[in-house]
Amino acid sequence: MIIKAQKGRGSKIHLLLDDEYRITTDVDFWAENFIKDGTDIDDEEWENLVTKINYRKSFNKCADLLSRRDHSVKELKEKLLRTVDEASADKAIERFLELGYLDDEKFAKALAKHLYEVKNYSDNHVRQELYKRGISREIVYDIIDNSEIDSIETIINLVIKKYYNKLNAENGKEKVVAALMRKGFSYGDIKTALHRIENKDYV
């Protein structure tokens with residue numbers, strides 16, 4: 001098979017085998033792995049080159065995504081699989097784990113802190129959000145068990161910010177209770193929080 005390289009837009013390099021387009025890489029990769037036009041390569045050499053190209057693509061995509069925000073391993077892999085093969089995705093993820101740029105426990109703790117303190121989420125909602133991102137059961141339960149968030153205080157803050165004006169409307173209290181239960185708060189905690197609000201016992 002005869003390999004040729006064609007300059008594409010920007011930094012892209014298109015590779016052809018026997019004058020048929022096969023794959024695209026970039027000028028940096030090609031500078032490191034240059035093969036002269038017209039070189040005859042065999043199947044094994046080509047497969048090795050394709051594997052390197054796909055890994056480079058996956059590695060660069062990882063770096064781009066992680067530069068924007070932290071991700072869980074599951075989140076990152078799901079995004080990578082939209083554009084790269086699984087083997088390349090797994091290899092890139094493994095490298096970023098080794099480098100310390102991927103850490104599910106660190107990611108989960110930061111996310112839980114945001115959900116508790118900014119979103120006023122219940123333990124159940126936080127648990128669901130962490131599971132959705134592929135965080136292990138062990139890490140999730142450790143975070144929930146060691147949380148110093150007071151659910152009653154969270155409910156009070158949420159009601160004051162979002163539901164206070166609804167309490168005095170027709171069937172308002174029932175609707176607020178239902179809304180809070182949908183957010184994962186227990187009826188007992190909701191009842192206690194609303195009692196404290198009614199008695200102004202929250203300042």
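Reply: In this predicted model, Glu86 has a relative accessible area of 45% and is therefore partly exposed. The side chain of Glu86 forms a salt bridge with Lys77. The closest N and O atoms of this pair are 2.9 Å apart.

Me: How many residues apart in sequence are the parts that Arg133 and Glu75 tie together?

Reply: The side chains of Arg133 and Glu75 meet in a salt bridge, at 3.5 Å from N to O. Arg133 lies in the loop between helix 6 (123–132) and helix 7 (137–145), whereas Glu75 belongs to helix 3 (residues 73–80). The pair therefore ties together parts whose separation in sequence is 58 residues.

Me: Is Glu75 buried or exposed?

Reply: Glu75 is part of a salt-bridge network that also links Arg69, Glu129, Lys132 and Arg133. A residue counts as buried under 20% relative accessible area. The value for Glu75 is 12%, so Glu75 is buried.

Me: What separates Lys109 and Glu105 along helix 5?

Reply: Lys109 and Glu105 form a salt bridge, with their closest N and O atoms 3.4 Å apart. Lys109 is partly exposed at 45% relative accessible area, and Glu105 is likewise partly exposed at 35%. Because the two residues are four apart in helix 5 (residues 104–117), their separation is about one helical turn.

Me: Which helix gives the most to the negative patch?

Reply: The negative surface patch includes Asp18, Glu20, Asp40 and Asp42. Asp43, Glu44, Glu45 and Glu47 also belong to this patch. The contribution of four residues, the most to the patch, comes from helix 2 (residues 43–68).

Me: Which residue stands opposite Asp40?

Reply: Asp40 is exposed, with a relative accessible area of 55%, and is found in strand 4 (residues 39–40). Strand 4 pairs with strand 1 (residues 2–7) in the antiparallel sense over two bridges. The residue opposite Asp40 is Ile2.

Me: Which residue takes a positive phi in the hairpin of strand 1 and strand 2?

Reply: Strand 1 and strand 2 (residues 12–17) run antiparallel and are joined by five bridges. Within this pairing, Lys4 stands opposite Leu16. Four residues lie between the strands of the hairpin, and the residue with a positive phi, near 55°, is Gly10.

Me: Near what value is the positive phi of Asp18?

Reply: Strand 2 pairs with strand 3 (residues 20–26) in the antiparallel sense over six bridges, and Leu15 stands opposite Ile23 in strand 3. The hairpin of these strands has two residues between them. In that hairpin, Asp18 takes a positive phi near 50°.

Conventions:
Residues numbered from 1 in each chain as written. Predicted model: local features only at pLDDT ≥ 70, side-chain atom pairs only at ≥ 80, totals over all residues. Heavy atoms only, no water. Patch = residues over 30% accessible without salt bridge, like charges linked within 9 Å, V, L, I, M, F, W, Y side chains within 5 Å. Areas by Shrake-Rupley, 256 points an atom, 1.4 Å probe, with all protein chains shown as cover. Salt bridge = Lys/Arg side-chain N within 4 Å of Asp/Glu carboxyl O. Lys, Arg positive; Asp, Glu negative; His and termini not counted. Charge placed at Lys NZ, Arg CZ, Asp CG, Glu CD. Buried < 20%, exposed > 50% of the residue type's maximum accessible area, 1.4 Å probe, protein only. Pairing = 2+ DSSP bridges.
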